[in-house]
Amino acid sequence: MKTEEHFNNILDDIISKIEDEKLLKDFFKNIGETITFGKQYSFLNILSILSQKEKAIYTEGFHTWRKKGRFPKKNTGIKIFAPVFKTIKKEDEEENEQEEQDEKKKLLLGFKLITVFDYTDTKGEKIQEIEEKIIKRNLYKKNAFGSPSETFEKTKKLMRYVIRQGYKLRFKDTGDAGGFTNGKEITIDKSFKKQSLAVLCHEYAHCKLHFNKKARSIDNIQKEVEAGIVSAIVIAKAGLNINKEAGYISFYAQQQDKEKKRKLIFEAFKFALPVAKEILTNI
Ligand SMILES: [Zn+2]
């Protein structure tokens, strides 16, 4: 399969999920769990892996598994993107003394597809580090979560984190909005509800992505989908309902044609995933 075809398939797969609340919820939950418990991947490879194997936790190539004493089972490969570099010699334009290693520069030519295998699709010697990741993930799922008290704890943690990042928090009656921000101050509804976690994630995402000096010039649809994705990943992983977020994302994403939709989704995940990861590792 060609790289571009695979790339478009992934985006179309996500777009089809956007129309189905249940699929979307599972999808966001899986992203949250992969970010927290799985191997560290680029945002594109998280999407690529999850589109092929929802519960993947740790992938390696065939030869790496063999070296670790494990053997991939038949027909279990997962395609991921691997960067293709060209090594070029630096030309001596300036007369400064460079270290030898600086004379060669890597130029990114593009991406190719390579096949990797998830740990659970291989057999052989147990690898402690990965077994522990699986145990942690299973334990997390088994424990009661999504309870009001846990959500409350997580919300408080996120509040403290947001303040540590230099933002002000304000509580007042916000009506239907639930919250809003001007990039420096986040206002959330004074009635401390379950949705506060979602609202705080959403507004924090706006602050991080849409108000700083380097912020891209993008339209409101793009902004809302990005903030919606950050919020959906965090609260889906916390076991909370994402109906509101799902409705939000699909409402905004619906209004685009196919090519525009793909571009919107690609860009939105590219920027939303690091913020979701930042939140998840701090609450
Ligand atoms: Zn918003």
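**A tour of a two-domain model**

Start by colouring two pieces: domain 1 (1–90 + 106–140) and domain 2 (144–283), with bounds that come from an automatic or database domain assignment. What you have open is a predicted model, where local features need pLDDT of at least 70, side-chain atom pairs count only at pLDDT 80 or more, and totals for chains, interfaces and linings use all residues. For your selections, residues are numbered from 1 along each chain as its sequence is written.

Zoom out for the overall view. The C-alpha atoms fill a box of roughly 60 × 55 × 40 Å along the principal axes. Expect ten helices and eight strands; these are DSSP runs, numbered from the N terminus, with helices being H or I of at least four residues and strands being E of at least two. Of the 283 residues, 36% are buried, where buried takes 20 or more other C-beta atoms within 10 Å of the residue's own, exposed takes 12 or fewer, and partly exposed is in between, with C-beta atoms placed from the backbone.

**Stop 1**

The C-alpha centres of the two domains lie 25 Å apart. Their contact takes 19 residues from domain 1 and 21 residues from domain 2, a contact being two C-beta atoms, placed from the backbone, within 7 Å. On the domain 1 side, select H1 (3–18), H2 (21–37) and H3 (43–52), which each supply at least two residues. Which helix gives the largest share of that side? H2 does, with ten residues.

Keep H2 selected. Its 17 residues reach 24 Å from first C-alpha to last, close to the 24 Å expected at 1.5 Å a residue (the expected span is 1.5 Å times one less than the number of residues). Twelve of the 17 are buried, so H2 is largely enclosed by the rest of the structure. Among the buried ones, show Phe 27, Phe 28 and Phe 37, but also Lys 25, Lys 29 and Glu 33.

**Stop 2: the core**

Next, go for the largest nonpolar core, with 60 residues. A core here is a set of buried Ala, Val, Leu, Ile, Met, Phe, Trp, Tyr and Cys residues joined through C-beta atoms within 7 Å. Cys 201, Val 230, Ile 235, Ala 272 and Ala 276 touch the most other members. Helix H10 (residues 258–280) gives the most, eleven residues, and both domains put in at least three each.

Centre on Val 230. Leaving aside neighbours within four places in sequence, Val 230 is in contact with Cys 201, His 202, Ala 205, Ala 272, Val 275 and Ala 276.

**Stop 3: a three-stranded sheet**

Switch to cartoon and find the open sheet ordered E1-E4-E3, paired antiparallel; strands pair if DSSP finds at least two bridges between them. E1 (59–60) and E3 (78–89) are at the edges with a single partner strand each, so one side of each has no neighbour in the sheet. Twelve bridges join E3 to E4 (residues 104–118). Pick Ile 88 and you'll find Lys 105 of E4 opposite.

**Stop 4: two exposed spots**

Finish with Pro 148 in H6 (residues 148–164). Is Pro 148 buried or exposed? Exposed: Pro 148 has 9 other C-beta atoms within 10 Å.

Glu 131 and Lys 237 are 106 residues apart in sequence and 20 Å apart in space, C-alpha to C-alpha.
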